[in-house]
Amino acid sequence: MGRICLLAVVLTIIVLHVVALGHGLVADDAWFARALDHQSLTGFLVSRYVQWSGRIPVEAALVLVINHPWAWRMINAAMLLLFCHSAGRLALASTGKPAAVTTSLAFALLMLVSPHLLYTAAWWMTGSVNYLWTAALGLYGMLAFVEPRDRGPFARFLCLLASGAAMYNEQVAMALLPAAFLLLGALVMQHRWRRWDVAQVAFMAANALVVFTAPGSHRRYLDEQALRFPDFESLGIADKLAMGFGLVSESVTDPQNLLVAALVVMALVLVVRAPVGKVSKSTMLVVLGVLLLGHVAHALGMGEAGSHGLHALQRLDGAAASSARAYALAAWSAFSVACVVMAVVVASWHALREWKAVLATLLLGLASLGAMGFSPTVYASGGRIHFVCQAALLLAALRLVAGLEREFGIQAAKVGIAIMAIAAAYRVLQLLG
């Protein structure tokens, strides 16, 4: 059955890329398509590093494939499959499930993410190279730190290269580099570390340093501030934190984000059985229920009365960033997100190691998005900046699927998986549209 599911996933990915994706240049695609018309690749990369961005390998790959749509389609399809394989193995390898099953489940959950977010981060050429590709490589690299630990030198070298390349997206680096240090620390304490582990973390840190210290990154910050958010420097830390919370809230309460809906439903079911106090349990159940109302309202065509009406923050721009209403909404946002995180962690109560891993995954994913509140492009980057956060939520959702099977049996888990698969199939048909 697992192999049949995997074959269906592979065929779906191929059909999507042949029929629906990569058939035209959109937005920044056109600029990158002309980038090498009057300069060499080396000259372009040096210029970008000095004047705009430290994402050297990412932009090199982008300008080399942008004028060859079929090359992009083949690589993007492979990266999408790699992302699903790596996410599935990271979350579920300890359950003993075969890779075919975990990959298929990860793909189904990924397709539940908001369509507009997936478009900007995975289906759009420029966005996919910057986000899907780096996230896929990063997750693949992290497989080196989990079971099995008997990978040969060549496999470890590939993981090292992949994780190093992933650092050329700042949000991916902010999530995975701390995770790598945490995993290395755990391995050292367990006396299971190897030289390859230290080398990989050091290589990741070195590449992240190249990105974050690039002169072009500082220059871009100033240029973007002047263009998009002139009074950005007048905002205090609290204002920028409020903007970051706004992004996190948007990512969690988006009524089109069925991944969050699935996560919340599974957490609700598992929290009921969790050994926690009545007050804490009731609070989590109420807040999660309110979040679900937004998704139900949107499904019934009442989007304005749904999640956005109950939770969404106004964009904190200029004077609005210091308004009392904005901070009240930010407080509700923080509380709602905290309840989601706590519910998912509590749903993993049965094993100390597991709930710590789930908590770290969620916090790093949310922090990678919240940190955008300290960037003048906080409202200019579109849905793609939510992708790393959604990847963290996807990993947590995969763990909750395992929790459903453990608490309620394999048949109950299969029912839940079937419902998610049907929703994912609907999303695929919408893309093929």
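**A helical chain, question by question**

Author: Welcome! Helix H20, residues 410–432, has 23 residues and spans 32 Å from its first C-alpha to its last, close to the 33 Å expected at 1.5 Å a residue. The expected span is 1.5 Å times one less than the number of residues. This is a predicted model in which local features need pLDDT of at least 70 and side-chain atom pairs count only at pLDDT 80 or more, while totals for chains, interfaces and linings use all residues. Residues are numbered from 1 along each chain as its sequence is written, and side-chain values use heavy atoms, leaving out hydrogens and water.

Reader: How many helices and strands are there in the protein chain?

Author: Helices (H or I, at least four residues) and strands (E, at least two) are DSSP runs, numbered from the N terminus. By that count, the protein chain has 20 helices and zero strands.

Reader: Which helices do the buried residues of H20 pack against?

Author: Buried means under 20% relative accessible area, exposed over 50%, and partly exposed in between (1.4 Å probe, protein chains only). In H20, the buried residues are Ala 413, Met 420, Ala 424, Arg 427 and Val 428. Taking contact as heavy atoms within 4.5 Å, they pack against H1 (2–20), H6 (99–110), H7 (115–123), H14 (258–273) and H19 (387–408).

Reader: Is Ser 128 buried or exposed?

Author: Ser 128 sits in helix H8, residues 125–142. Leaving aside neighbours within four places in sequence, Ser 128 is in contact with Trp 72, Asn 76, Thr 120, Ala 121, Ala 122 and Trp 133. Because its relative accessibility is 0%, Ser 128 counts as buried.

Reader: Which residues is Val 344 in contact with, leaving aside its neighbours within four places in sequence?

Author: Val 344 is among the core residues with the most contacts inside the core. Beyond those sequence neighbours, its partners are Leu 263, Ala 267, Val 358, Leu 362, Ala 396 and Leu 400.

Reader: What percentage of the 433 residues of the protein chain count as buried?

Author: In soluble globular proteins, nonpolar side chains tend to be buried together. For the 433 residues of this chain, the share that counts as buried is 50%.

How values were computed: A nonpolar core is a set of buried Ala, Val, Leu, Ile, Met, Phe, Trp, Tyr and Cys residues joined through side-chain atoms within 4.5 Å.
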